[in-house]
Amino acid sequence: IVVKVTSLADDGSGSLREAVKQGGRRIVFAKSGTVRLKKTLRINQSKLTVDGINSVVTITGAPVAIEDASDIIVRNLRFRKSIDDNLRISGACRRIVIDHCSSTSAGDGALDITIDYDKPKQRPADITVSWCIFAGTKKAMLISNADNISLHHNLFLDNEMRNPQLHDAKNFDFRNNVIHRWGVYGLRARAESTGNVM
């Protein structure tokens, strides 16, 4: 099922928030522009693709949070100036792809992949982040308590730290990425993380 976002409003008929309330669909945008979120936009339905391929869509103001969902693809979108993380993947997420997106000027992380701290045994797993730009953010990316993470062909630019920071990340693969003009440090792997840096 293909569903079109026809409104750039935060909520209501035709909005992105309305479109993600059901799974089993591919969401596209009928128009270009900026979606200004007033609160966190939660994606907790599975088998969902959010694709900005035929439009230029920027999401700003508040986080987009993928929570306890599986088989999610987010691609060809721009995330800007959230008051917290621009984009977050947490909890028992499985088979998530973030592709050809850019995330800049976040209040906290440009993209964080972590456990749900209220349910710490549910680790996100099988996540791919590819061909993305993470820039101009103090803490670019935290990957904490997660398994089977692939990051390839991404650009980390002008971030002070966490390019990314891997904390108890098991079986990560960090391949063909560029980390440029970091401040405090580039990539950091700690807390018994295991994986490849190529």
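In this predicted model, Thr-137 sits in the loop that runs between strand E15 (133-135) and strand E16 (139-152). A search of the whole structure finds 16 salt bridges, and some of these are described below.

**Surroundings of Thr-137**
- Thr-137 has a relative accessible area of 2% and is therefore classed as buried, the cut-off being under 20%.
- Apart from neighbours within four places in sequence, the residues in contact with Thr-137 are Thr-104, Ser-105, Ala-106, Asp-108, Gly-109, Ala-110, Asp-158, Asn-159 and Glu-160.

**The pair Lys-119 and Asp-68**
- A salt bridge joins Lys-119 to Asp-68, with 3.2 Å between the closest N and O atoms.
- This pair links distant parts of the chain, 51 residues apart, since Lys-119 lies in the loop between strand E13 (109-114) and strand E14 (125-130), while Asp-68 lies in the loop between strand E7 (64-67) and strand E8 (70-75).
- Lys-119 is partly exposed at 37% relative accessibility, and Asp-68 is also partly exposed, with a relative accessible area of 32%.

- Arg-123 and Asp-147 meet through their side chains in a salt bridge of 2.9 Å, N to O, which connects the loop between E13 and E14 with strand E16 across 24 residues.
- Asp-168 also forms a salt bridge with Arg-123, at 2.9 Å from N to O, and this pair, 45 residues apart, brings in strand E18 (residues 165-170).
- Asp-168 is buried, with a relative accessible area of 16%, and Arg-123 is buried at 19%.
- Through shared partners, salt bridges join Arg-123, Asp-147, Asp-168 and Lys-170 into one network.

Conventions. Residues are numbered from 1 along each chain as its sequence is written. This is a predicted model: local features need pLDDT of at least 70, side-chain atom pairs count only at pLDDT 80 or more; totals for chains, interfaces and linings use all residues. Side-chain values use heavy atoms; hydrogens and water are left out. Helices (H or I, at least four residues) and strands (E, at least two) are DSSP runs, numbered from the N terminus. Buried means under 20% relative accessible area, exposed over 50%, partly exposed in between (1.4 Å probe, protein chains only). Contact means heavy atoms within 4.5 Å. A salt bridge is a side-chain nitrogen of Lys or Arg within 4 Å of a carboxyl oxygen of Asp or Glu.
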